[in-house]
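Here is a friendly walk through one protein model, from its pockets to a helix pair and some backbone details. Please keep the structure open as you read.

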Amino acid sequence: MQLDVQGGDSTNVADRQVNQVTRILAGKLFDPYTLELLENQVITVDKESGLILNVQFSPNFIDTIEPDGTVPVIAPSVVEVIDLRHLTVLPGFVDTHVHFFLHPYSETSWEDQLTKESVIERTVRATVHAKRTLMAGFTTVRDLGTEGAGDADIALRKCLSSSSALIPGPRYFCATRAIVPTGSYGPKSALYLNREGVDGITGAEVADGREECMKAVRRQIGAGADWIKIYADYRVRSRIAGVSYRSGGESMSTFSSDELKIMIDTAHQYGVKVAAHATNKDTITELLRLSVDSIEHGYDMASNDPESDDQTQDEPLHTFAHSYTKWVPTLGAYYTMSSQGKEETWKRAVQTFKAGLARGMSNIACGGDTGVFAHGENALELSLMVEYGADWRKVLRWATLGGWECVRSMRWEGPKGKIRIAQLGEMKEDPRIVGDNDVPFGALKRGFIADVIATSGNLEADFCGAVSADNIQFVMKGGKVYKRDGFPLL
């Protein structure tokens, strides 16, 4: 069996000029459309555009390898051949929820990072995080907030973009500053209780009422945001936790329905998607009604009885499962924080994830809230999903093609988006024309950008090991090789 190649290769690759193409020999290749591991595939990549020209089954390429390693089946005009016959090849992974400007809370608390580390230090750290992420096989990320570092992610995106990028890192989608209402977010001063932030540092942008919410969205889109991030619920009353444990720890809706609607509608008017931090049922139900594009976390959607077959108890899970909204469970963050006194939240996150699987949810994307735990260990999210009941093939789909479906721009959605997708075989999505963040990725198929990784592990026998950074031996982003034989090419 071979991958679906729309329209075939309109160019005879063997007749192309020297150095124009790269051929990758894949002993096994994961197809996120069919969920199959295909054998003996040859991926042909156009070096100039970084687009995949062809993915083709070649039954004889292994048998015809000469003892000296030469590959007679490859036309002599094609100079570069990358031999990954001994590895399993996959599309580059996508982490849909990272924070490059944060590092693990086990090293430094969130509040201390914001108030005691300069923006310069945090930006330098972000460049290190970007490289580690790419070397772990994650060729695209969505950063859902700089958490006090202002608009520094916009400048970082410029440094990571195009074939002449200043630093190595993944394709980078930005949300700049998350949006919160007055008094709901931190850091909070211990001396001036009614002030927002500490020393002028706020973890997000404050907006109240329809007009301010609309302005905040417009301002962030004008600043260059790929996404808008909203804190739709939060622990607003955290300051009373010392005297009222439940009230202080309760996550409650932050914005009114009108405020949520104006932010989502305004973003969509400008062609920008909206991600919402949301955990409780009522908030998520409202967000689904308003057609938010992704729900982050959502750990309180399940009923208290995981054995129940009554779907009405698990609303909005049932509704969610039949929507176009993507769910990013962020199991990695809650697993990590479970050792910091949040075991109950972790239990609820696992229970909700299992309930979602039981309800047939497939509109899932992989994002660990990476930054809460170490960058470069992004695959923790994938491993936890498999450990708690998800089929490893589906998890690979959620981490590749599902990631693209989540983070891609609205130009890929709706009737016009379907037409655009149907025309991928015509090779129109050249990054030099559409830009780095508007190319198709997440699958190894004609017309997609060549984001290609390879693991030395066995996905079926040891999924966790196979997706770990240690076993990612090869990384190509946009047709350019960044890691080979397990070593960075920097």
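Helices (H or I, at least four residues) and strands (E, at least two) are DSSP runs, numbered from the N terminus. The model is predicted, so local features need pLDDT of at least 70 and side-chain atom pairs count only at pLDDT 80 or more, while totals for chains, interfaces and linings use all residues. Residues are numbered from 1 along each chain as its sequence is written, and side-chain values use heavy atoms, with hydrogens and water left out.

Let us start with the backbone. P187 sits in the loop between strand 8 (179-180) and strand 9 (205-206), and a cis peptide bond with omega of about -5° joins G186 to P187. In the loop between strand 1 (21-31) and strand 2 (36-46) you will find L35, a non-glycine residue with a positive phi near 65°. Most residues other than glycine have a negative phi, and most peptide bonds are trans.

Next come the pockets. On a 1 Å grid over the protein atoms alone, a pocket is an open set of points where a 1.4 Å probe fits, with protein on both sides within 12 Å along at least five of seven lines; lining residues have an atom within 4 Å of a point. Grid points are joined across faces, edges and corners, and a volume is the space filled by probe spheres set on the points.

| Pocket | Volume | Lining | Nearest the centre |
|---|---|---|---|
| Largest | About 1200 Å³ | 42 residues | Y234, R235, H277, Y299 and K342 |

Helix 5 gives the largest share of the lining of the largest pocket, 4 residues. By class (Ala, Val, Leu, Ile, Met, Phe, Trp, Tyr, Cys and Pro nonpolar; Asp, Glu, Lys and Arg charged; the others, Gly among them, polar), that lining has 14 nonpolar, 14 polar and 14 charged residues. For the second largest pocket, helix 13 (401-407) and helix 14 (414-422) each supply at least two lining residues.

Finally, a helix pair. Helix 4 (residues 209-223) and helix 6 (residues 257-269) pack at an angle of about 30° with axes 9 Å apart; axes are lines fitted to C-alpha atoms, for helices over the stretch in contact, and angles run from 0 to 180 degrees between N-to-C directions. Helix 4 and helix 6 are therefore roughly parallel (angles under 35 degrees). In contact (heavy atoms within 4.5 Å) are residues including C213, M214 and V217 of helix 4 and I262 and M263 of helix 6.

Conventions
Angles under 35 degrees count as roughly parallel, over 145 as roughly antiparallel, 65 to 115 as roughly perpendicular and the rest as oblique.
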